[in-house]
Amino acid sequence: MAISDVPESTVTTATATVTTIQTDSDLRHSSLRHRPSATSTGGLFDAESAAQDAVRDSGSDDSLNGKNNKEVKDRKTDHAGIDNAVQNNVTDQENVTDVTDFKFTYRPSVPAHRRNKESPLSSGNIFRQSHAGLFNLCIVVLVAVNSRLIIENLMKYGWLIRSGFWFSSKSFRDWPLFMCCLSLAIFPLAAFVVEKLAQKKSISEPVVVLLHIVITTVAIIYPVLVILRCDSAFLSGATLMLLTCIVWLKLVSYAHTSYDMRALTVSNEKIAKGETVPDTLDMEYPHNVSFNSLAYFMVAPTLCYQPSYPRTPSVRKGWVCRQLLKLIIFTGVMGFIIEQYMNPIVQNSQHPLKGNFLYAIERILKLSVPNVYVWLCMFYCFFHLWLNILAELLRFGDREFYRDWWNAQTVEEYWRMWNMPVHKWMVRHVYFPCIRFGIPKGAAALIAFLVSAVFHELCIAVPCHMFKLWAFIGIMFQVPLVLITNYLKNKYKNSMVGNMIFWFIFCILGQPMCVLLYYHDLMNRKGEID
């Protein structure tokens with residue numbers, strides 16, 4: 001008997017139709033492969049349709065042969081009885097389903113191996129499989145292990161959470177920072193006045209550029225001086241510096257975009273006069289200085305200014321409440337990990353560049369696990385929860401605040417995907433302007449990393465009241481890492497190599513090292529002050 005490549009269920013269903021129209025002699029000589037299966041419902045429907053077709057055929061034959069209507073009626077009655085018998089037979093066949101399955105379908109002679117197959121975990125097949133079950137297992141194991149560690153930590157050390165490191169113990173010590181935060185609104189208002197004067201052509205273009213430089217410079221120096229002169233808590237200073245950097249980036253985007261829109265307006269005026277301009281100049285919307293558009297931009301979750309943005313039709317209030325609840329929960333988890341796990345580890349450590357090398361490695365590895373948890377919680381709270389809540393309240397449509405940076409194969413891909421608002425700002429206002437000025441791509445990318453390094457240092461060093469340049473060095477160290485990971489990706493043609501290097505550098509080595517360096521330098525500074 002020939003072996004068919006068609007699955008057994010298909011063969012059974014297909015052959016059921018054949019057997020329903022066979023004669024008694026054919027059924028006596030048919031093979032086991034052509035016998036009907038109780039699981040094949042197509043044969044029952046085919047038998048019923050065949051009976052109906054016989055009715056139509058017989059009716060047409062009778063009319064052609066001139067037979068009387070009484071015989072035709074009798075035949076239709078007989079076929080109707082056949083249809084009823086077929087329908088009644090369905091119940092009887094369902095009762096013997098298991099018996100006929102084992103008798104005809106699952107014969108020992110039916111081949112069990114039909115084609116070449118690989119194991120699911122083989123190298124050529126592992127990434128084609130779904131690993132949802134293993135992912136669930138990892139979650140269960142992580143929950144079980146970390147629950148045990150939390151219970152063990154609480155039994156051994158007790159409740160270690162304190163508020164002195166995060167918030168000022170004196171309620172009035174941070175009020176200058178709060179007042180400074182409120183006064184940041186003056187700078188967007190000043191930039192709007194400058195643009196309004198420029199639109200009316202009350203001031204020349206060089207004066208407009210000079211005024212914007214003064215506004216942006218004062219906007220970042222003023223909060224730095226306030227923080228350095230006040231003995232505030234770290235969290236208060238870090239929050240003010242983060243808001244200051246955001247305002248500065250928005251002011252630069254507003255000034256740069258308005259400058260470009262004025263240039264496009266001039267080019268359109270030249271076109272109207274019949275003068276030729278480059279084809280690349282395209283005016284998407286007219287240059288109209290609007291206070292409402294600036295106010296919306298200053299609170300919107302974006303760093304790139306444009307007069308209008310894609311908007312959603314309405315605000316989902318229930319969705320916002322659920323996201324706020326998640327934000328509160330994950331913020332509490334992040335604070336618990338920092339105070340209960342990270343603080344004891346760094347307090348019992350030595351300066352990584354001054355103490356024993358092996359001891360420093362042990363502290364870094366021990367700190368890496370809670371550091372990864374805190375970093376992931378921070379990313380989820382800010383980039384996913386908070387920015388989406390803000391976008392929902394403002395009906396801001398473009399919510400691509402991040403991409404799948406966890407799949408980054410190189411360090412370069414990570415920096416392009418993990419913080420999309422900053423990446424778009426860098427590309428729009430730093431990288432491509434450098435390219436248009438004739439700067440090579442490598443130098444333009446180096447300038448972008450330099451700007452990022454300066455702001456990382458400001459956000460950490462200023463609240464700590466010390467400038468050790470650890471954050472600056474850490475960001476600039478990404479430049480050789482970009483070259484190394486790009487080389488490894490091109491050499492090995494394997495996405496896993498670059499991805500593992502990325503995770504090791506950021507989570508195992510880089511961030512824990514920076515935490516220890518800044519902590520011990522901060523403790524040494526406080527010791528000298530005391």
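**Figure 1. Overview of the chain in the predicted model.** Among contacts in the chain (heavy atoms within 4.5 Å) between residues at least 6 apart in sequence, 74% join residues at least 24 apart. This is a predicted model, in which local features need pLDDT of at least 70 and side-chain atom pairs count only at pLDDT 80 or more, while totals for chains, interfaces and linings use all residues. Residues are numbered from 1 along each chain as its sequence is written, and side-chain values use heavy atoms, with hydrogens and water left out. The chain has 19 helices and zero strands, both taken as DSSP runs numbered from the N terminus (helices, H or I, at least four residues; strands, E, at least two). Of its 530 residues, 35% count as buried, a term that means under 20% relative accessible area, with exposed meaning over 50% and partly exposed in between (1.4 Å probe, protein chains only).

**Figure 2. Surroundings of Cys 304.** Cys 304 is placed in the loop between helix H11 (291-299) and helix H12 (317-347), and with a relative accessible area of 10% this residue is buried. Leaving aside residues up to four places away in sequence, Cys 304 touches Ser 253, Phe 297, Tyr 309, Lys 424, Trp 425 and Arg 428. The C-alpha atoms of Cys 304 and His 256 are separated by 9.8 Å, although the two residues are 48 apart along the chain.

**Figure 3. The aromatic pair of Tyr 296 and Tyr 309.** Rings of Phe, Tyr and Trp (its six-membered ring) pair if their centres lie within 6.5 Å, and planes under 30 degrees apart count as stacked, over 60 as edge-to-face and the rest as tilted; by this rule the count comes to 29 aromatic pairs. Tyr 296 and Tyr 309 form a tilted pair, at 5.9 Å centre to centre with 40 degrees between the planes. The pair links Tyr 296 in helix H11 with Tyr 309 in the loop between H11 and H12, 13 residues apart. Tyr 296 is buried because its relative accessible area is 17%, and Tyr 309, at 12% relative accessibility, counts as buried.

**Figure 4. The aromatic pair of Trp 375 and Tyr 414.** This pair is tilted, with 6.4 Å centre to centre and 50 degrees between the planes. Trp 375 lies in helix H13 (residues 357-394) and Tyr 414 in helix H14 (residues 411-417), 39 residues apart, and both Trp 375 and Tyr 414 are buried. Ring pairs link these residues into a cluster whose members include Phe 379, Trp 405, Trp 418 and Trp 503.
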